[in-house]
Amino acid sequence: MNMRNKGSRRVGANERKRRELARQQRTQKFKNKSNLFMRLSFRLALVLVVVGGVSWAAVFAYKKVENNNFFVLKTVNIEGNRLLNWEQLIALVGVEVGTPMRDLPLDSISHRLEALPLVSAVQINKKWPFTLQIKLQEVQPLFNLLEDNKITILSNKATVMPTDVHLAASLPYVEAVDSIGLAEAVKFLNAVAKDDEYLYQNISQVIVHKGPLYFEVFMRDSQHKIKFSPKNINKQVFAQYRLLVKGLGKKVQEAKVLDMRFQGMAVAVNLK
């Protein structure tokens, strides 16, 4: 009986030791995790402080440079002007050498240049410490307008361009009965020039008809006429026409009219 009691006490003591050791291990793990969390938090806070300090210093330095009257305009660089002369553009820019860089009115300069009939887009930037950089995209000749037996070259912005006999010979001719028809012709030819340059270069003449409005197009390399609708002008229609001409070949060439005004289909009229 006594031996069993002694044995029971030894088991109880071992169990208490095991539990105490487990408790100590859990406590140590918690302390280790807490210490790791504290170290990571400290490092993160340190990184944020450093980044914030660098950012603040950079902003401060930029503002100081921008507000320093030492940095004044010395050079104006203009790129992309083929039709407009440099002196005219400088006069429109309207800023003088010696103007502080921070005072350059970029938006006003850009608006003045974009208002020019021969300019379609403007990109303007300060190039520190002394330069104003201007990049122009001038309009492109789009077609010849036939009006009262007179030919006028119009741009992709529908503005009048200088007359050039050689240039006019390479452009399609447009006949439009009114300003609405002319505006639709500009949209049509801009779409063709953008989506299918080969097709655009092959167009000889465009006649704008009203009621309902459609385009009658004559090609340089064929005898047939093509009808396009302003409601159905896209890459797919141009590709469909190219495939018809290439796939059917002689049959399409023999047609007097190829009507492309219908979505997903074409109608050949007066086949021989």
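## The model and its overall make-up

This is a predicted model, in which local features need pLDDT of at least 70 and side-chain atom pairs count only at pLDDT 80 or more, while totals for chains, interfaces and linings use all residues. Residues are numbered from 1 along each chain as its sequence is written, and side-chain values use heavy atoms, with hydrogens and water left out.

The protein contains 8 helices and 11 strands, where helices (H or I, at least four residues) and strands (E, at least two) are DSSP runs numbered from the N terminus. Of its 272 residues, 31% count as buried; here buried means under 20% relative accessible area, exposed means over 50%, and partly exposed lies in between, with a 1.4 Å probe and protein chains only. Among the contacts in the protein with a separation of 6 or more, 50% come from residues 24 or more positions apart, a contact being heavy atoms within 4.5 Å.

## The open sheet

In the order S5-S4-S6-S7-S8-S9-S10-S11, 8 strands form an open sheet with mixed pairing, and two strands pair if DSSP finds at least two bridges between them. Its edge strands, each of which pairs on one side only, are strand S5 (150-155) and strand S11 (267-269). Neighbouring strands of this sheet are turned by 25° against each other on average, direction ignored; axes are lines fitted to C-alpha atoms, for helices over the stretch in contact, and angles run from 0 to 180 degrees between N-to-C directions. Strands of a sheet pair through backbone hydrogen bonds, either parallel or antiparallel.

Helix H5 lies across strand S4 (141-147), S5, strand S6 (173-175), strand S7 (203-209), strand S8 (214-219) and S9, and runs at about 150° to S4.

Strand S3 is mostly covered, since 6 of its 8 residues are buried. Strand S1 runs parallel to S3 and is joined to S3 by 5 bridges, with Glu79 standing opposite Lys135 in S3. Strand S2, by contrast, runs antiparallel to S3 and is joined to S3 by 8 bridges; Ala121 stands opposite Gln137 in S3, and S2 and S3 form a hairpin with 3 residues between them.

Asn77 lies in strand S1 and counts as partly exposed, at 31% relative accessibility. Leaving aside residues up to four places away in sequence, Asn77 touches Thr131, Leu132, Gln133 and Ile134. Asn77 and Ile124 are 47 residues apart in sequence, and their C-alpha atoms are 9.9 Å apart in space.

## One face of helix H3

In helix H3 (residues 106-114), the residues Ile109, Ser110 and Leu113 are buried. Seen down the axis of H3, its buried residues fall within an arc of 100°, so they line one face of the helix; the arc is that of the directions from the helix axis to the C-beta atoms. Asp107 and His111 are exposed on the face of H3 turned away from its buried side, whereas helix H2 (86-93), S2 and S3 are among the elements that cover the buried residues.

## Aromatic rings and charges

Rings of Phe, Tyr and Trp (its six-membered ring) pair if their centres lie within 6.5 Å, and planes under 30 degrees apart count as stacked, over 60 as edge-to-face and the rest as tilted. By this rule the count comes to 5 aromatic pairs. One of them is the edge-to-face pair of Phe71 and Trp128, with 6.2 Å from centre to centre and 80° between the planes. This pair links distant parts of the chain, 57 residues apart, with Phe71 in the loop between helix H1 (2-67) and strand S1 (75-79) and Trp128 in the loop between strand S2 (119-127) and strand S3 (131-138). Phe71 counts as buried, at 17% relative accessibility, whereas Trp128 is partly exposed, with a relative accessible area of 31%.

The rings of Phe188 and Phe228 have their planes at 40° and their centres 5.6 Å apart, so this pair is tilted. Both Phe188 and Phe228 are buried, and together with Phe215 and Phe238 they form one aromatic cluster. Lys74 lies over the face of Phe130, at 4.1 Å from the ring centre; a charge sits over a ring if NZ of Lys or CZ of Arg is within 6 Å of the ring centre and within 35 degrees of the ring normal.
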